[in-house]
Structures are given as structure tokens and as C-alpha cells.
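These are my notebook entries from a first look through the structure shown below. Each entry records what I looked up.

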Amino acid sequence: MHPRDQSIFALSSGRPPSAIAMVRLSGPQAGTVLTALAGRIPAPRMATRVLLRDASGLPIDDAVVLWFPGPASATGEDVAEFHVHGGRAVLAALFGALSAFGDVRAAEPGEFTRRAFENGKLDLTEAEALDDLIHADTDRQRRQALRQLKGMLGERARHWRAQIIDASALIEAGIDFSDEGDVSADLVGPALAKIDTLLAEIEEVLAAEGRSERLREGLVVAIAGAPNVGKSTLMNQLARREVAIVSPHAGTTRDVIEVQLDLDGYPVTLIDTAGIRETDDPVEQEGVRRARARAGEADLVLWLVDGDLAGTAVGGAAPVWTVHTKIDLGPCQPDAGGFDFLISASRGDGLKELTSALVGFAGDYFGSEEGGLIGRERHRKLLWETAELLRRSMGAVDKGDEFIAEDLRAAADRLGRLLGRVDIEDILDKIFHDFCVGK
């Protein structure tokens, strides 16, 4: 039997033990299984209290069940939900009872969402948005994922693809009736006008300065500097917890330490690196090498010094903020304009200003994500390829209508790939493999 003809089940709520656990069952056997375990199928979409029993008639749990007949369900198939007490023993008994039925098996990661996609309940951009919503750590990530889940990009892509198909139909008609005098010219003109308008819309989206796709991954800020200048202390202050060891001895931090922060809704990965200096210790040398590499890959570097302004010694194109630390230990007379911030990480001086500056930098870096259509690099790549093909089709007027038609077919294919409505099995396998079990 094909896997899509089997029914699948999974825990779709939090890890046990919990007060209540929700187990979802989807597929052609859902009604049969629900009748066997609950004794009957309740009214659609109506929570009903039942005593679940296994095949031997032994009670499993006093539960609430719901019935969602397809296609009016989340997956487009018949779906049953079992709301049971969230103990491990209860779930083990329910899973055992479900597995006892033929052609009923545990779901793979993302399989529920993939079936919803395959049954036309959502397009690929919405499926990706659902995964982003599940993994959102900050409020801004949540809002962006929710906008995509509502079809913000998918609706535009469907409209663009329909426009391309309309223009392509005009070109194809011109090719088919090329022996009818001026028919071809009469059709090519309106088609090129559609393409020109559509290209302008897509280019406007691509030209937007917002980096909304980076909002998924977050901003990377590296704290770097010589040994014992207060890097770990600053890390702990910004994280508001002890994540790095603080010691007066130089070289305490020998590896890269990372912590995820929610900075006013912006996702930020803060990195504490080993002190950068010349050393004969091979272990510390490796720590310094990693520190230089990680700082060079960061989006922003906080270069800490506790004395005179010194060279940053960090490669990469990221902006570098010089931060004078330990100002509580004595008077500081920095060169005019030499330091960006003056702080005492241990006492808290200047941290409010530094944090506010980081929030402002994140806002500028991510741009106005409220209007951003592009959520992933995959989206940007396919839209860029679509624009290139549309641009090429407009430049192929002198070559012949067949060249225009071929470029338009390829452009429609790219938008189809964006929506997941053409054969992209390898892409689907990768996307849904990254989902959690139960979605």
C-alpha cells in the first residue's frame, strides 16, 4: 500500500507528562479506528466525552474526541483527535491501540502538513510559514510567520503566475495564427504590456531593503577583544543570566559560547569569543582562531578594550563598535570620538545605551518586516529567476515569438516551484523533513 493510503497518528501537543495531550489521526481508516476505540463517531467538529477502549475492551482513558470528516479538515482527509490525560502510560496505551489496526502507523516529521499541502489545503509558502511559526522565538518572528501563513506571498505569487500564463496564452495564440496577417502583432503587444507591469511588481519586491528572510535566523553579534577585558561579564549582563564563566585569569574562555536573545522582539545570537592575543598554548591558539573566524562571520562586532583604543584585529565586512569597559575602575580619558560606548559591565553603567543601540541596529538591519514578502532565501532566489526570465522574454522580441513563449513558460515554472505546484519532490522531502513530528 502506498504511504499516502495509510492512516497516520502522532502526539500533536507538548511532551509528556502534561495535563492534557492531543493525539491526531489522519487518513482513510480514521473513522473505523474512532468507532472501534470510542464506540461511535460523534457529530463533526463537536467535542464529545467518551471512554476509550482497546481491541480487548479494556479501558484506555476517559477522553474527549473530535471528528473532522474530509475534505473539511486540516489535512483534507478524515481526521480524528483524541484529547486524553497527558501521562506517559496513557499515551503508550493509546499508541498501542492505534498501532494494532492495519494500515495505521506513526507519522513521520511534517507528514500531516505535507498531506495538507498535497490535498490543496495550503501552498508551499504557507507550509514553510507554519514551520516558521512553530519555531518562532520572538514576537517579530511570530508576526512575520503568521503573515506568511495567511498567504501574503502565496496570493501574490498565484496572481503573478496567472498573469504570466495569460501573457503566454496570447503569445502562443500569435504563434498558432501567425499566417493570419497582423494577428501575431496584435497579440504580442498586449502580452508584452502585461509582462512589463508584472516585472515592475516583482522587481519592487526584490529591491526592498528589508531583510525579512534573515529574521528567521536572527542577527549575529560577536563580543571580541583581548583577554580579560570583560567579554564574558558583558555576555552575562546582556543575557541576564550566567552563561559564561567570569574569571580574573586571562584565557578562561577558550571556545565560542553562544546564547539566543529576544531583543525587543528581534532574534539575536550573542557570541562570547576567546580573548584574541598571541599565545604559545595550542588549545588557546585554537580558541583564538575560532574567535577570529566567528567574529569575521558576524553581522556586528563589539570590540571591547579596557585601556587605550587599539586595533580591532578582526576580519570580515561587519561593522565594529569599540566599547571601553571597566570605566568603574578609574577615570577614562578616551580619544575624542575614539570609542562608541563607555560601559561598566559589572556595575551596569552604559548598558542601557548599548542595548538601545543594539535594538536600533537590529531594526535597521532587518528593515520593515511588516511589509516584507520574502521569508526565505528560496523565495528570493525563485523570484529573482522569475524576474530574469521575464526580462529576457521582453528582450527576445526580435528573435521570434517562440523565444518569448519559452521564457514565459520557464517563468511560470519558477513561480510554480515557489508555490510547490510543480514537480519538486526533492525540495518537498527537505522542507517537510525539518518539521517536528505531529505537524
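I began with Glu81, which I located in strand S5, residues 79-86. Strands (E, at least two residues) and helices (H or I, at least four) are DSSP runs numbered from the N terminus. The model is predicted, so I note that local features need pLDDT of at least 70 and side-chain atom pairs count only at pLDDT 80 or more, while totals for chains, interfaces and linings use all residues. Residues are numbered from 1 along each chain as its sequence is written, and side-chain values use heavy atoms, with hydrogens and water left out.

Is Glu81 buried or exposed? I found Glu81 buried yet without a salt bridge. Buried means under 20% relative accessible area, exposed over 50%, and partly exposed in between, with a 1.4 Å probe and protein chains only. A salt bridge is a side-chain nitrogen of Lys or Arg within 4 Å of a carboxyl oxygen of Asp or Glu. The nearest side chain of opposite charge to Glu81 is Arg24, 4.1 Å away; Lys and Arg count as positive, Asp and Glu as negative, and His and the chain ends are not counted. I also recorded a polar contact between the side chains of Glu81 and His83, at 3.2 Å. A polar contact is a pair of N or O atoms within 3.5 Å; within protein, one must be able to donate a hydrogen and the other to accept it, and residues adjacent in sequence count only if both atoms are side-chain atoms.

Next I turned to strand S9, residues 266-272, where seven of seven residues are buried. Tyr266, Val268, Leu270 and Asp272 point one way from S9, and Pro267, Thr269 and Ile271 point the other way. In a regular strand the side chains alternate between the two faces of the sheet.

I then looked up the partners of S9. Strand S7 (residues 219-225) pairs with S9 in the parallel sense over five bridges; two strands pair if DSSP finds at least two bridges between them. Ala222 has Ile271 in S9 as its bridge partner. Strand S8 (residues 257-263) runs antiparallel to S9, joined by seven bridges, and Asp262 stands opposite Pro267. The hairpin of S8 and S9 has two residues between the strands, and Asp264 there takes a positive phi near 55°.

For helix H10 (residues 351-366), I compared length with span. At 1.5 Å a residue its 16 residues should span 22 Å, and the end C-alpha atoms are 22 Å apart, which agrees. The expected span is 1.5 Å times one less than the number of residues. Among the buried residues of H10 are Leu351, Leu354, Leu358 and Phe361.

My last entries concern the backbone. Most residues other than glycine have a negative phi, and most peptide bonds are trans. Against that, I noted a cis bond joining Pro16 and Pro17, with omega about 0°, and another from Gly70 to Pro71, with omega near 5°. Arg45 has a positive phi near 60° and counts as partly exposed at 48% relative accessibility.
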